[in-house]
Amino acid sequence: MAAIELITREDLNEFKSELLTEIKKLVQLDRQGQSKKWLKSNEVRRLLKISPGTLQNLRINGTLSFTRVGSIMYYKLEDINKLLEGGLS
């Protein structure tokens, strides 16, 4: 017969504490090691030094893809870097 193991509140609290510590470490590493993956329109305009109309033209002619969440448009940093390096394929 297999032994029955009981999980106590102390066990759960210890597990919670360890889990939170690990999550905090991961979040800190993510903040230190990576930049943003998605940028808002104003960030893109500042980075590319373009006007709102020029950004709109880039969207309309398909040069720069975007994702709309509600009324906010987001652009992949990867796509912007490709545009700066000589164009998107």
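1. Surface. The accessible surface of the protein is about 7,700 Å². Carbon and sulfur atoms hold 54% of that surface. Areas follow the Shrake-Rupley method with a 1.4 Å probe; for residues, only the protein chains shown count as cover.

2. Basis. This is a predicted model, in which local features need pLDDT of at least 70 and side-chain atom pairs pLDDT 80 or more, while totals for chains, interfaces and linings use all residues. Numbering runs from 1 along each chain as its sequence is written, and side-chain values use heavy atoms, with hydrogens and water left out.

3. Of the 89 residues in the protein, 15% are buried (under 20% relative accessible area, 1.4 Å probe, protein chains only). Take the contacts (heavy atoms within 4.5 Å) with a separation of 6 or more: 49% link residues 24 or more positions apart.

4. Layout. The protein has four helices and three strands. Their pattern along the sequence is α-β-α-α-β-β-α. Helices are DSSP runs of H or I with at least four residues, strands runs of E with at least two, numbered from the N terminus.

5. Pairing. Strand 3 pairs with strand 1 (residues 38-40) through three antiparallel bridges. Pairing requires at least two DSSP bridges between the strands. Leu39 has Tyr75 as its bridge partner. Strand 2 (residues 67-69) also runs antiparallel to strand 3, again with three bridges. Here Val69 stands opposite Ile72.

6. Hairpin. Two residues lie between strand 2 and strand 3. In this hairpin, Gly70 takes a positive phi near 65 degrees.

7. Faces of strand 3. Which residues of strand 3 (residues 72-76) are buried? Met73 and Tyr75 are, pointing to one face.

Definitions and conventions
Buried means under 20% relative accessible area, exposed over 50%, partly exposed in between (1.4 Å probe, protein chains only).
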